[in-house]
Amino acid sequence: MENSTFADDDTEQRLAARLKQLRVERGWSLDQLAGASQVSRATLSRLENGEVSPTTAVLGKLCAAYGLAMSRLLRMVEDDFPPLLRRAEQSVWTDPDTGFVRRSVSPPSRALAGEALECELGAGVTISYAASPRPGMEHHLLLQEGKLSVTVDGRAHDVMPGDCLRYQLHGASAFTTPADSGARYFLFLV
C-alpha cells in the first residue's frame with residue numbers, strides 16, 4: 001500500500017508533515033483515521049514519519065477521509081506557482097505500483113476554483129477510488145489517446161479519443177484500460 005520513491009526527499013517530507021497536520025487539526029488519533037480511511041494504523045504511522053510514500057490508492061483513501069481532492073492535498077505541499085507554468089516546471093507524480101503518471105498542468109490554488117491534470121495509464125490497469133474526496137466534485141475528462149472505461153457511481157462509460165466525459169462525483173469511481181491499450185487523458189476538476 002505504500003512505496004519508497006516519491007518526487008524527491010523534500011517533497012516527501014513535506015507530504016508526511018502535511019498528512020500528520022491534517023490528522024492533528026481534526027483531533028483524530030491514528031486509530032480514528034485508520035477507521036475513516038481503511039488504511040492500517042501502521043501504514044499511517046510510517047507515512048506520517050516519512051518512512052514511506054503513499055500509493056495512488058492510499059492517497060485516494062486519505063483524501064476521501066479528509067474531504068480533499070488529491071490534487072489539492074499535493075498542492076498543499078508544493079510551493080506557490082507563477083501564472084505561466086512551463087511544461088518542464090509542472091510537477092509529475094508516478095505511482096510505481098500501477099504505472100499511473102499524473103502531471104499537474106494547472107495546479108490548484110486558493111484563488112482559482114479549477115485545476116487541470118494530464119494523466120497516463122498503461123495497458124491493463126485499473127485504479128479505483130472508494131469515495132469522492134468531496135461529494136459533488138465536478139470532473140471533465142477529455143481522452144487524447146487510447147481506450148478508457150470510467151465507472152462513476154456504478155455506471156461504466158467507454159471513452160474514445162476526442163470524447164469528453166463530464167460528471168459530478170458522489171461515490172466510488174474507477175479508471176480501467178483494456179489489455180491492448182493504455183490511455184492518455186486530461187482531467188479538469190472544479
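Two strands count as paired when DSSP finds at least two bridges between them. In this predicted model, isoleucine 127 stands opposite phenylalanine 175 in E11, and serine 128 faces alanine 174 of E11. E6 and E11 are joined by four bridges and run antiparallel.

E6 and E11 belong to an open sheet of four strands, ordered E6-E11-E8-E9, with antiparallel pairing. The edges are E6 and strand E9 (155-159); each has a single partner strand, so one side of each is left without a neighbour in the sheet. From one strand to the next, the twist averages 15°.

## E8 and its partners

Strand E8 covers residues 148-152 and is joined to E9 by five bridges in the antiparallel sense. Valine 152 stands opposite arginine 155 in E9. E8 and E9 form a hairpin with two residues between the strands, where aspartate 153 has a positive phi near 50°.

E8 also pairs with E11, antiparallel and over four bridges. Here threonine 151 has alanine 174 in E11 as its bridge partner. Alanine 174 in E11 is also the residue opposite serine 128.

## The six-stranded sheet

A further open sheet has six strands in the order E3-E4-E5-E12-E7-E10, and its pairing is antiparallel. Strand E3 (92-94) and E10 stand at its edges, each with a single partner strand, so one side of each lacks a neighbour in the sheet. The twist in this sheet averages 20° from one strand to the next.

## Cavities

The model contains three cavities of 30 Å³ or more. The largest cavity has a volume of about 320 Å³. Its lining consists of 24 residues; Met70, Tyr129, His139, Leu187 and Leu189 lie nearest the centre of the largest cavity. By class, the lining of the largest cavity has 19 nonpolar residues, four polar and one charged.

Several helices and strands contribute to this lining. Helix H4 (56-66) and helix H5 (70-76) each supply at least two of the lining residues of the largest cavity. At least two residues also come from each of strand E5 (115-121), strand E6 (126-129), strand E7 (137-146), strand E10 (164-169), strand E11 (173-176) and strand E12 (183-189). Among these contributors, E6 and E11 are strands of the four-stranded sheet, while E5, E12, E7 and E10 are strands of the six-stranded sheet.

## Helix packing: H2 against H4

The axis of helix H2 (residues 30-37) comes within 8 Å of the axis of H4, and the two cross at roughly 105°. Angles of 65 to 115 degrees count as roughly perpendicular, and H2 and H4 are therefore roughly perpendicular to each other. H2 contributes Leu33, Ala36 and Ser37 to the contact, and H4 contributes Lys61, Leu62, Ala65 and Tyr66. The contact of H2 with H4 comprises five nonpolar residues, one polar and one charged. H4 also supplies at least two residues of the lining of the largest cavity.

Terms used. Residues are numbered from 1 along each chain as its sequence is written. This is a predicted model: local features need pLDDT of at least 70, side-chain atom pairs count only at pLDDT 80 or more; totals for chains, interfaces and linings use all residues. Side-chain values use heavy atoms; hydrogens and water are left out. On a 1 Å grid over the protein atoms alone, a cavity is a set of points where a 1.4 Å probe fits but cannot get out, and a pocket is an open set with protein on both sides within 12 Å along at least five of seven lines; lining residues have an atom within 4 Å of a point. Grid points are joined across faces, edges and corners, and a volume is the space filled by probe spheres set on the points. Ala, Val, Leu, Ile, Met, Phe, Trp, Tyr, Cys and Pro count as nonpolar, Asp, Glu, Lys and Arg as charged, and the others, Gly among them, as polar. Axes are lines fitted to C-alpha atoms, for helices over the stretch in contact, and angles run from 0 to 180 degrees between N-to-C directions. Angles under 35 degrees count as roughly parallel, over 145 as roughly antiparallel, 65 to 115 as roughly perpendicular and the rest as oblique. Contact means heavy atoms within 4.5 Å.
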